[in-house]
Amino acid sequence: MNKLLAIVGLCLLLVCTPAFAAQPPKDSVYALPLPLVDQDGRSFDWRERRGTVQLVSMFYTSCQYICPLIVDSGKAIERQLSATERARLGLLLISMDPARDTPTALRKVATQRKLDTTRWTLARPRPQDVRSIAGLLGIRYRLLEDGEFNHTSALVLLDADGRIIARTERMGSRPDADFMAAVKLALATD
Amino acid sequence: MRRLAALLLLLPLAGLAAGGGDYVKLPGGAFRTALKYEDRTGPTRIAPFAMMRTPVSNARFLAFVRTHPEWRRDRVASVMAEPRYLSHWAGPVSLGETARPDQPVVQVSWFAAQAYCEAEGARLPTWDEWEYAAAADETRTDARRDPRWRERILSWYSRPSNAPLQRVGLQAPNAYGVQELHGLVWEWTEDASALMIAEDNRNQGDADNARFCGAGALSMDDRDNYAVLMRVAMLSSLGARDTTANMGFRCAKDLP
């Protein structure tokens with residue numbers, strides 16, 4: 001009986017160890033628990049993305065000007081990757097407007113922009129988390145009276161452990177060369 | 001006349017004694033901000049709220065760190081607090097000579113301030129709330145048009161920031177019963193990252209010096225409210241994990 005318990009205990013230990021090791025490093029953005037809901041209405045925590053290199057940014061769906069450029073930037077980076085590299089990169093766009101960015105609104109953008117949702121995730125946080133996630137990513141924003149946002153834009157590259165390894169504020173269809181190199185390097189090493 | 005002034009000075013104290021506790025209620029209302037928002041045409045509406053009477057002290061923050069060890073300086077996530085976080089304390093859970101219990105806590109990041117308030121069932125004040133509360137002097141809820149009041153604030157700010165900080169609760173309360181909104185430490189607001197006035201100074205050296213020079217980048221036609229604009233310049237140049245030797249905070253609450 002004791003031996004059986006010992007075996008069970010050992011199995012638990014072996015099985016559970018990876019889960020306990022899930023404590024992210026101190027310089028990981030995954031120190032912040034961040035519940036999100038994606039374009040398909042699926043709830044998840046961004047810490048589940050640990051293990052894969054991520055390209056993260058903030059946007060909102062009713063934005064007419066700069067936010068489409070953020071999507072363009074992500075697409076431009078993808079275009080310069082091989083199929084293997086592409087498959088290893090997650091793209092996560094977090095809304096700064098959770099009140100209006102319902103899964104339906106997020107879905108609409110994903111469809112209109114022909115985003116492959118096996119790699120791209122458009123998600124809304126809880127209202128109380130928006131400032132924190134923006135703080136982590138170094139993005140500033142203010143809701144204007146007309147419902148638009150005044151905001152800075154950034155693409156942030158996270159390694160598999162959630163460490164910020166590069167960022168760029170240059171948006172558009174021509175990727176920032178240094179940033180692009182960092183993406184390639186991260187995908188090659190992780 | 002002198003007696004009247006003395007009476008007026010006593011009034012907020014009386015209100016404070018009656019109110020008790022660490023939070024003071026502010027009535028809110030229509031408020032004229034010193035800032036120029038292109039999108040905001042009318043006066044700012046401030047809902048009634050409660051605000052801490054004084055900035056959070058080292059003693060209080062130490063108690064928080066003891067009950068929330070993830071905010072100890074040796075355990076904190078580095079994405080939420082830069083290396084100088086609580087660096088003036090003697091140890092992770094001890095204050096020492098350079099951080100007396102009744103001095104305001106400084107070298108705290110926005111994340112840490114936010115977490116403290118959340119643990120109290122409170123939040124950081126918004127900029128609007130802070131500016132509204134800070135417009136008052138000891139007798140008037142809006143003293144901003146008084147040149148002597150403005151002079152007083154500016155002379156506080158011109159004191160060198162490497163002198164030891166006074167203890168909290170030393171100043172006379174303002175007309176709302178709130179103390180030390182001026183003349184002690186800078187304070188975080190919940191929406192500090194909404195203040196996007198200066199150029200982005202993120203890459204310019206030390207937060208206590210270079211970032212502060214971001215104030216020069218402000219275009220200000222309202223020199224009367226220079227002190228408020230200095231605050232904004234400070235907040236708009238800091239990131240959420242940054243800490244400085246004169247940046248503290250206090251919490252606020254919605255009123256039911």
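Modeller: Let's start with a term: a salt bridge here is a side-chain nitrogen of Lys or Arg within 4 Å of a carboxyl oxygen of Asp or Glu. Keep in mind that this is a predicted model.

Biologist: Fine. What is the N to O distance between the side chains of Arg113(A) and Asp72(A)?

Modeller: Side chains of opposite charge can pair when their charged atoms come close. The cut-off for a salt bridge is 4 Å. Arg113(A) and Asp72(A) do meet in a salt bridge, with N to O at 2.4 Å.

Biologist: And how many residues apart are Arg113(A) and Asp72(A)?

Modeller: That pair links distant parts of the chain. Arg113(A) sits in the loop between helix 4 and strand 5 of chain A, while Asp72(A) belongs to helix 2 of chain A. The separation is 41 residues.

Biologist: How many salt bridges does the rule give over all chains?

Modeller: Arg113(A) with Asp72(A) is one salt bridge. Over all chains, the count comes to 27.

Biologist: Which element of chain A gives the largest share of the side that touches chain B?

Modeller: Helix 5 (130–137), strand 6 (141–143) and strand 7 (149–151) of chain A each supply at least two residues of that side. The largest share is 4 residues, and it comes from helix 5 of chain A.

Biologist: How much area do chain A and chain B bury between them?

Modeller: The contact takes 22 residues from chain A and 26 residues from chain B. The side of chain A that touches chain B divides into 7 nonpolar, 7 polar and 8 charged residues. Carbon and sulfur atoms hold 53% of the buried area, which comes to about 1900 Å².

Biologist: Over to the sheet in chain A. Which strands are its edge strands?

Modeller: This open sheet has 7 strands in the order 2-1-5-4-3-8-9, with mixed pairing. An edge strand pairs on one side only, and that picks out strand 2 (43–45) and strand 9 (164–168) of chain A.

Biologist: What is the bridge partner of Leu55(A) in strand 4 of chain A?

Modeller: Strand 3 (residues 53–59) and strand 4 (residues 89–95) of chain A run parallel, joined by 7 bridges. In strand 4, the partner of Leu55(A) is Leu91(A).

Biologist: At about what angle does helix 2 of chain A run to strand 3 of chain A?

Modeller: Helix 2 (residues 66–79) of chain A lies across strand 3, strand 4, strand 5 (120–125) and strand 8 (155–158). Against strand 3 of chain A, helix 2 runs at about 165°.

Biologist: Why is one side of strand 1 and of strand 7 of chain B left without a neighbour in the sheet?

Modeller: The sheet in chain B is open, with 3 strands in the order 1-4-7 and antiparallel pairing. Strand 1 (23–26) and strand 7 (252–254) stand at the edges, so each has just a single partner strand.

Notes:
Residues numbered from 1 in each chain as written. Chains lettered and ligands numbered in written order. Predicted model: local features only at pLDDT ≥ 70, side-chain atom pairs only at ≥ 80, totals over all residues. Heavy atoms only, no water. Contact = heavy atoms within 4.5 Å. Buried area = accessible area lost by both parts, 1.4 Å probe. Nonpolar A, V, L, I, M, F, W, Y, C, P; charged D, E, K, R; others polar. Pairing = 2+ DSSP bridges. Axes fitted to C-alpha atoms, helices over the stretch in contact; angles between N-to-C directions.
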